[in-house]
Structures are given as C-alpha cells and as structure tokens.
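Here is a brief report on local backbone and packing features. Look over the sequence and structure first.

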Amino acid sequence: MKTRIIVCILAAIVCAGAMGKQKKVKQELWPDGTPIPAWFSDTTRVDISGLKRYVVTDYGVDGYSNEVQTARLQAVIDRCASEGGGVVVIPRGTFLSGSLFFKQGTHLKIEEGGELKGSDRIKHFPVVKTRMEGQTIDYFAALVNADGVDGFTITGPGTINGNGHNYWEEFWIRRKYNRNCTNLEALRPRNVYISNSKNVTVQDVKIINSPFWTNHLYRCENVRYLGCFIYAPTENITPVDPKRGAPSSDAIDLDVCKNVLVHGCYMHVNDDAVVLKGGKGTWADKDSTNGPNTNIIIEDCTYGKVHGCLTLGSESLHDRNVILRRINVKAATRVLWLKMRPDTPQHYEYVRVEDITGQCGSFLVVRPWTQFFKPEDREDMPLSQCNNISIRNIQMKTRIFFDVGRSDKYRLKDFSFENIDVQDEVKAFDTTLIENCTVSNVNIR
C-alpha cells in the first residue's frame, strides 16, 4: 500500500511537471497571427567539419602576395565542385581577388587570421546579369557570388574585406562635380551576392569595407545570418571631407526573399542596416523579376552607427510579417524607416518592432522618398499603404520619436503603440495622421 502511494505521488509530480512545461511552451506568432515555424528558433551553427577541405594554399595560392589571384582561387572552387563538393578554406594570410563564383556543393570558410580581400580595380569584377537597386540589369559581380547554390555556407571567424577605400573616394569625387551622380554610375562591386538559393547560412564571419552594398540576397529562402560582424566606416575616409563615410554600404539587403533570420549580429555601416527591397517604378508590380519579402526576423543584434536599423524601401513593393526585436542601438539615425516612393505601388504590412533600447535621431519615419524617382502616368496605379504596424516595449533617447508625414500617395492605418517610454526633444506625436491608431501606456518626455 505504501509503495502504491509513493508511485502515485511520483506519477502526479511527473504529470504536473509535464503540464508545467506545456504551459511554458507558447507558440510564437507572426504579426498577422500565423504561427512562426520552429526553424526561426534554431540558431545552431552549421557544422562543416565533416566536409572535405580545400585549403587554397595547397593549390598554389599565396597568402602573402600583393598579386590579384582570382584565377587561382576560382580554380580551387571549380576543383572542389568537380570532385563532389566540400569547403574552400582561406587560411591565415591575405588573399587578394576579384569576383569568385561558388557552385553547388561548395562552401567558404575563412579561418582565424585569414582575409579574402577584394581588388580595388573594377576591372577584376566582370559585368554579369545581376540585380541592383530593384532592377535586373547588367552590372558588376560581387567579390563572393553564389547563384543557385542550395545549402551554401560562409563561415568565419576570418574576414571578407571589400577594400573599398578607393571606390568610396571616387564616389564622393563624382558627387562633388555632379550632384545627380547615381550609385550605379560610381562603378563599385558588392562584397557578397547570393541569389536563387535555399538553406543559406552566413555565420561568425567579419564582412567589412564593402565598396557598395555589403550583403545582397535575391530570391533566397531560408537564410540565416548568425553572429556576424558587418562594418564600414561612417566618417574620415578622406581628409578632404572628414564627415564622409563609405557610401551605400548597406549591411544586409533582402530582395524578394522569404524566411530570413538575422540573429546576434553587429552592424555599423554608412547607410541602412537591414533593408527590404524588391522592385521600383510605376509598373514594378507587373515585372516578374520583382516581388515581395515575407517572414523576416531581426533579433538580438547591436547597432553602431547606421542610417536605419530596419528600412522598408527605397526599392520595395510588398513586405509582410517583419519583426525587429531585442536590439540595442548605439547611434542610429532612424530605427524603423518606411520609405514611400511616389512612383511605385508599395504595401508594407504586419511589421512589429519591440523591446528596443538605446538612442537614435528618429525612431519611426514614414515619409515620401523621391531620390532618383521617375513617375509615369498609370490610370490604375494602386494607392500605396502601410498597415498593421506595431511598436511596443521601447525605452530610448530620441530627437524625434514620431517622424511621420501625410501624403496623397499613400495611406497609413492600423498602427499601435504600447509600453513606450522615450525621451523626445521634439515631442511630436500626432496619431491623427494614422487611421485607427491605438495607444497604450505611452510616455513621451
């Protein structure tokens, strides 16, 4: 009888424990109310230790040469692919290169003290059919390219260094003599371009000093950026004007992508940090090369200086289910920036920004964006819209928390502000600019 009682008590304890665990496990939801897959909770690093290693110095590549060694490095990648795949390893040393093209089954690892460094001559980056600024065009390939390479990984802890200084100086010289000089006219490569690929992981690597955008992903699905250090200088690149930094050095550009996790990264660049793109122009929604970004989470990141922590636009059509959470901001110009192009039909919906600390210039910015835009006549032009934008649990020092402008080119509706405690020099918080705006526990001081 005594034994039976003990067994019953133990069973009750186990059952209670199981019930307690069930209560703790709460299904996370996207802003639109649909479940967030477990994939987004997995920040386990990809293990490439079982792959065959192709250490580039074993194949005649010199880690201490000033020579541009693109052909030798590409030969290692090609050999790796032809022999069934593996990981191309950049060991300690500095390896100068132009565009490299990774193939299915190949991966890139840069070891401690290793640096893949881009050439500062644009001639080492071939012109290819690629994607830039919301267009599919002929433009310069990146330093690291992977197209249609499912399962592709880039791992650290070494460095991809774009060696952008000369490109930056040329850009600012052009701008000095031609204020209308566009980004594309400055002839600059990106650091990393990954396209048409699934199950991509970039982890624990330093990606710095890109001549143009630092990381650009186009039509990719299931992408993780884990523990990366992404940097470009924001000032002092030229003694002529110490205020100048690395132009257009966006940290991560997502262009028609689905299921993306950016976790535990540091970003400090002279432009926006995580940017959602997808197309631009009056007829952009009719172009099959354009498209939406869906299911994006940026979390547990630290921002140094950036223009915008999370920016939707300037070349963007439809963005849905986007979460920015648990970030610390050191000196951002803006936190959430919704760029509204009058010449492009845009729809930004179900965006949630939560648990943010630090300081910034403007926290929320919704304004028309007219840089280099080209309005055309279109009778059935859809009205752009931002809806279901949620901002909550914010503790920050700002110059202006609510930097929102009205326009007949777009509609703002269903915004919510909850648990906000901010210092605000301007104290401009006019919710009448938004249809159906809800406010709860907001302290702007």
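At 42% relative accessibility, Asn199 is partly exposed. The model is predicted. Asn199 sits in strand β13, residues 198-203. Its phi is positive, about 55 degrees, although Asn199 is not a glycine.

Asp300 also has a positive phi of about 55 degrees and is not a glycine. Asp300 lies in the loop between β22 (293-299) and β23 (302-306). Its relative accessible area is 29%, so Asp300 counts as partly exposed. Most residues other than glycine have a negative phi, and most peptide bonds are trans.

## Cis peptide bonds

Gly156 and Pro157 are joined by a cis peptide bond, with omega about 20 degrees. Pro157 belongs to the loop between β10 (153-155) and β11 (159-161).

Another cis bond runs from Gly313 to Ser314, with omega near 5 degrees. Ser314 is in the loop between β24 (310-312) and β25 (318-340).

## Helix α2

Helix α2 covers residues 70-82. It spans 18 Å from first C-alpha to last, close to the 18 Å expected. Thr70, Leu73, Gln74, Val76, Ile77 and Cys80 are buried. Down the axis of α2, these buried residues fall within an arc of 150 degrees, so they line one face of the helix. Ala71 and Ser82 are exposed on the other side.

Cover for the buried residues of α2 includes β1, β2, β3, β4, β5 and β6. Gly84 follows α2 and has a positive phi near 105 degrees.

## Ser97

Ser97 is in strand β3. Its relative accessible area is 0%, so Ser97 is buried. Its contacts include Thr70, Leu73, Leu116, Phe125 and Leu143.

Definitions and conventions:
Residues numbered from 1 in each chain as written. Predicted model: local features only at pLDDT ≥ 70, side-chain atom pairs only at ≥ 80, totals over all residues. Heavy atoms only, no water. Helix = DSSP H or I, 4+ residues; strand = E, 2+ residues; numbered from the N terminus. Expected span 1.5 Å × (residues − 1). Buried < 20%, exposed > 50% of the residue type's maximum accessible area, 1.4 Å probe, protein only. Arc of directions from axis to C-beta. Contact = heavy atoms within 4.5 Å. Lists of a residue's contacts leave out its neighbours within four places in sequence.
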